[in-house]
Amino acid sequence: MMRSRCLAWLLPLCMIVVGASACSRKNEQAEVTPQKETPAVAEAPSSAPSGAPSAGRAVDPTPATKAIPTLVLERFSPEGVSLSNVYPIEGALAVVDGLRVGRLVGEKVEWFATLPEMNQWLGGSSIRDVLGAWPDAVDVLYTSNNGRALQPSYFPLTGKGVQHTLAPGGGNADVLGVVRLGKTTLLGGWTHFAGFEIKAVRGPGVSFKLQTGAEAGCKEGELENFARSEEPIAVMPVAFGSTPQGTVMTLGTLCDKRGPVAEVWDKPGKSRLVDLGPWVKEMSYRPQILQGTGDELWIHTDSITPIVHYLNGTFSALPKLDKPMKNVFVSQQRQLHVNDGHTIHRHEDGTWVPVAHLAWPPEFWSIDLHEGTFWVSAGGLHRLREGKGVAFEEGCATPFVFLYDVSSKNPADFTFPTTRKALATFPSVSELRLVEFQENGRRLGVTVPSKEQGEALIAHVEATMKDEAPRLLCYEPQKPRVIELAPKSK
């Protein structure tokens with residue numbers, strides 16, 4: 001099993017600030033109107049093991065034609081322990097508190113192991129990921145807390161394996177992926193001076209020969225041979241993964257300067273190079289390799305490039321979504337999902353099926369689906385539960401025009417002069433109320449007396465504030481801060 005996610009040693013502080021950034025006020029808008037003609041299709045849950053978490057179930061397990069649910073955040077702090085993330089592994093949902101690792105059992109945590117501290121001289125250690133299978137093959141990836149010597153490392157937390165550190169003592173290094181092939185677990189890692197290596201950290205070793213530049217036809221001067229190898233490799237990997245059936249793959253750029261490729265080992269030994277150019281314009285710095293079932297995986301490179309599907313030796317592209325992809329993840333049942341910031345979609349029979357809408361969506365550092373519940377990291381660990389939507393429907397008694405997200409860098413008493421200037425020219429400005437409110441971050445909107453007034457205001461904002469995309473909602477903010485509006489003086 002291999003799961004790719006943002007590893008924190010890519011930056012000393014891998015932090016996502018909940019809400020809008022200072023450079024964009026509209027990157028997260030409110031919920032889109034539910035597509036009622038498309039039935040919500042829930043993931044078919046597996047038989048939950050005894051003690052598996054069941055609370056907070058967000059998706060109806062019955063294949064009914066009910067409306068697509070709207071999900072809201074619910075903070076999850078079992079027994080008062082502040083958690084930041086969950087880590088789905090085979091047979092369990094793992095959590096981390098400092099160097100302790102546990103699994104969720106109902107509403108509680110069963111702590112089963114602690115990572116030995118091996119980085120006292122570098123300010124201690126931090127766990128970055130939990131992988132493998134419960135109970136006998138749980139692995140952790142960790143780094144030191146010293147940004148100049150992170151030392152990305154692997155440790156077999158349960159069962160038999162060998163600890164392994166990349167760039168011991170310091171230097172640029174990265175774990176690109178961990179895959180399980182039967183009894184063997186392989187770590188794919190990169191260091192600035194040693195290049196790429198595949199290390200067996202559990203079970204017997206397996207030989208995978210990377211193609212050299214000469215074998216791939218790279219020309220003199222194309223390859224940057226940091227590792228000072230006699231035979232530099234043709235593709236320096238930026239991701240490492242496999243299918244459950246055992247096809248191993250790396251992703252990178254051919255000869256460092258050509259197009260994106262996949263180096264594929266259908267079996268140990270010699271590889272084949274596959275041109276990804278028909279689907280991927282440029283290989284990103286940190287693409288994802290996500291496992292499906294059998295001889296299947298998906299490649300996600302960036303928010304707008306179609307996801308590439310590998311199945312039984314062939315590659316193809318999945319349909320594009322209308323909106324950029326915020327998160328791409330695979331559920332416990334190995335079903336591919338995408339969060340576009342407003343709606344969570346599941347890939348099914350060649351199409352994207354919306355399974356849930358998000359009310360006032362925040363930025364998720366990660367999102368996972370386990371036993372029918374969506375778990376997200378958003379300034380702490382949350383699960384998503386069905387709640388009240390904000391899409392406008394006829395008969396709504398509280399019409400509301402959402403304008404944009406407010407930058408966290410704005411002072412608490414900011415008065416939004418540009419917005420107020422634009423609204424001041426609206427003919428019925430005296431009937432409006434400009435408010436700042438909290439919904440998973442700071443947001444700005446206008447209460448209006450009617451649907452018609454809201455639609456007129458949206459047209460006015462679109463004409464006077466070219467970069468904004470206001471939406472008509474059915475919503476009443478709680479404890480808003482009212483910003484005084486005044487009509488433009490004649």
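At 3% relative accessibility, Glu371 counts as buried (buried means under 20% relative accessible area, exposed over 50% and partly exposed in between, with a 1.4 Å probe and protein chains only). Glu371 sits in the loop between strand E25 (366-370) and strand E26 (373-377); helices (H or I, at least four residues) and strands (E, at least two) are DSSP runs, numbered from the N terminus. The side chain of Glu371 makes a polar contact of 3.2 Å with the side chain of Gln332. A polar contact here is a pair of N or O atoms within 3.5 Å; within protein, one must be able to donate a hydrogen and the other to accept it, and residues adjacent in sequence count only if both atoms are side-chain atoms.

A word on the ground rules: this is a predicted model, where local features need pLDDT of at least 70 and side-chain atom pairs count only at pLDDT 80 or more, while totals for chains, interfaces and linings use all residues. Residues are numbered from 1 along each chain as its sequence is written, and side-chain values use heavy atoms, with hydrogens and water left out.

Now for the overall picture. The protein has three helices and 32 strands, and 53% of its 490 residues are buried. Taking contacts (heavy atoms within 4.5 Å) between residues at least 6 apart in sequence, 57% join residues at least 24 apart. The accessible surface comes to about 21,900 Å², and carbon and sulfur atoms account for 51% of that; these areas come from the Shrake-Rupley method with a 1.4 Å probe, and for residues only the protein chains shown count as cover.

One of the sheets is open and has four strands, in the order E17-E18-E19-E20, with antiparallel pairing (two strands pair if DSSP finds at least two bridges between them). Strand E17 (288-291) and strand E20 (314-317) stand at the edges with a single partner strand each, so one side of each has no neighbour in the sheet. From one strand to the next, the twist averages 25°, with axes taken as lines fitted to C-alpha atoms, for helices over the stretch in contact, and angles running from 0 to 180 degrees between N-to-C directions. Strand E18 (residues 296-300) and strand E19 (residues 308-311) run antiparallel and are joined by four bridges. Trp298 stands opposite His309 in E19.

Leu187 belongs to strand E11 (residues 184-191) and is buried, at 1% relative accessibility. Leaving aside neighbours within four places in sequence, Leu187 has contacts that include Leu141, Tyr154, His164, Phe240 and Lys199. Leu187 and Lys199 are 12 residues apart in sequence, yet 5.1 Å apart in space, C-alpha to C-alpha.

As for disulfides (a pair of cysteine sulfur atoms within 2.5 Å), the count is two. In one of them, the sulfur atoms of Cys218 and Cys255 lie 2.0 Å apart. The torsion about this S-S bond of Cys218 and Cys255 is about -80°, so the disulfide is left-handed. The pair links distant parts of the chain, 37 residues apart: Cys218 in the loop between helix H1 (213-216) and strand E13 (239-242), and Cys255 in the loop between strand E14 (248-253) and strand E15 (260-265). Both Cys218 and Cys255 are buried.

Cys396 and Cys474 also form a disulfide, with their sulfur atoms 2.1 Å apart, and the link is right-handed, with 95° about the S-S bond. Here too distant parts of the chain are linked, 78 residues apart, with Cys396 in the loop between strand E27 (381-386) and strand E28 (399-405) and Cys474 in strand E31 (residues 471-474). Cys396 has a relative accessible area of 17%, so Cys396 is buried.
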